[in-house]
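Please look over the sequence and the structure shown here, and then read the short report that follows.

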Amino acid sequence: MSKLPAIIIGAGHSGLAMSRALARRGIDHMVLERGQVANSWKTERWDSLRLLSPNWMNGLPGQPYAGPDPDGFMSVPELVRTFDSYALSNAVPIRTQTQVISVSPAQDGYSVQTDQGMFHSRSVVVASGACALPNLPAVATELPPQIARITPLTYRRPTDLVPGGVLVVGASASGLQLARELALAGRRVVLAAGTHLRLPRFYRGADILRWMERIGVFDTPWYQVDDIERVRRTPSLPLMGSDECETLDLNALQDLGVEIVGRLAAVSGGKAQFSGSLANLCVSADLKMDRLLTAIDNFIATSRLAAPPAEPIPPTRVPDAPRLSLDLVKEGIGTVLLATGCRPDHHWLDMPVFDRKGRIRHKGGVVGAGLYVMGLPYLRTRHSTHIAGASADAEALARHLSERILGREAA
């Protein structure tokens, strides 16, 4: 096969956005996908999941949301249908069921070895997603063998779990949503909360993400952020998509009977041991929320917007004496659900582009000569995390890529 100007690895929203940006510039390319379009959404999401971002934030390049419910929340099947339709209508050149085995430097470009043969390209865009593998804590290896261990990537529905209670580890969006679902299904749930965030779903007449967009939270470019690597590791926003626009926080879970404990610190002799820092972490989450809400209040006042008055939000309730240990077997815990985050899988990149913690190094998505990455948190702005944010990222990287191919100095 002749050398292509560009190969995109991954046919999720980032890969589709990048394909359109290259096509608009007349750059021949191919998208390689290990499964089908939107493969991780089709195969690695739980049944009840709805997007935590409103529909108006989930448009693709050239195809903003145009349905009847811009403030609603898509289900995963709805999102998958959107992606499939987009790939078809844009004639995206995709090779599905093509697993990338390695990407390595070659003369004037890269060699991409797959299970369907070798491809050659001057440029490669890695768009395989930010959440390919669960980020498991070391203490997970110490769990008793009779305790089932699952992650949000393998969980599907409450009825699949073995009998008994559930220890949910992690209080970001996935941990909170799954703790809620399991509690509503009648399971005993203990939630181990480490560092986390807190947000109301709805504030002063609008979705909290609408306010965050209006005050510019999502717009700051990566090179203007202090300690960008720390910011890129910030927990996901603790939100849930629902018709009722419900707020999902530790108070809401406690109202459902979920027991809140501190961070899972160790497992020894079948006992889970929890940190005593729960109260401090909850105070920190409340303070960060209050700072954001104050910024929104100031924006409303300065802009003289007509908005309902702020309703008081009570502080996070913390038990007087949160338990510090839990005998998993004796107290009937059948499953530990490790909602401790996820990470990309770039093991097939056969070149020195990683930092000491195995994270791919990049500057706003530019990794090296002709090598790019898409779909990572805060790639270029905080908006990079959102589906609609892929459009601006793809345009910027496609411009860089095309200037390189045309032999001009990249901006």
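In this predicted model, Tyr223 has a relative accessibility of 57%, so this residue counts as exposed. By the rule for ring centres within 6.5 Å, the count comes to one aromatic pair. That pair is formed by Trp222 and Tyr223, whose ring centres lie 5.8 Å apart with planes at 85 degrees, so the two rings are arranged edge-to-face.

Glu44, which sits in the loop between helix H2 (39-43) and helix H3 (76-89), has a relative accessibility of 15% and therefore counts as buried. If neighbours within four places in sequence are left aside, Glu44 is in contact with Arg34, Cys131, Pro152, Leu153 and Arg156.

The relative accessibilities of these two residues are set out in the table.

| Residue | Relative accessibility | Class |
|---|---|---|
| Tyr223 | 57% | exposed |
| Glu44 | 15% | buried |

Turning to the helices, the axes of helix H1 (residues 13-24) and helix H9 (residues 390-405) come within 8 Å of each other and cross at roughly 45 degrees. H1 and H9 are therefore oblique to each other, and the crossing in which H1 passes H9 is right-handed. On the side of H1 the contact is made by His13, Ser14, Ala17, Met18, Ala21, Leu22 and Arg24, while H9 contributes Ala390, Ala394, Glu395, Leu397, Ala398 and Leu401. Sorted by class, the residues in the contact of H1 with H9 are nine nonpolar, two polar and two charged.

Definitions and conventions: Residues numbered from 1 in each chain as written. Predicted model: local features only at pLDDT ≥ 70, side-chain atom pairs only at ≥ 80, totals over all residues. Heavy atoms only, no water. Axes fitted to C-alpha atoms, helices over the stretch in contact; angles between N-to-C directions. Helix = DSSP H or I, 4+ residues; strand = E, 2+ residues; numbered from the N terminus. Parallel < 35°, antiparallel > 145°, perpendicular 65-115°, else oblique. Left-handed = near helix turned anticlockwise from the far one by under 90°. Contact = heavy atoms within 4.5 Å. Nonpolar A, V, L, I, M, F, W, Y, C, P; charged D, E, K, R; others polar. Phe/Tyr/Trp six-rings, centres within 6.5 Å; stacked < 30°, edge-to-face > 60°. Buried < 20%, exposed > 50% of the residue type's maximum accessible area, 1.4 Å probe, protein only.
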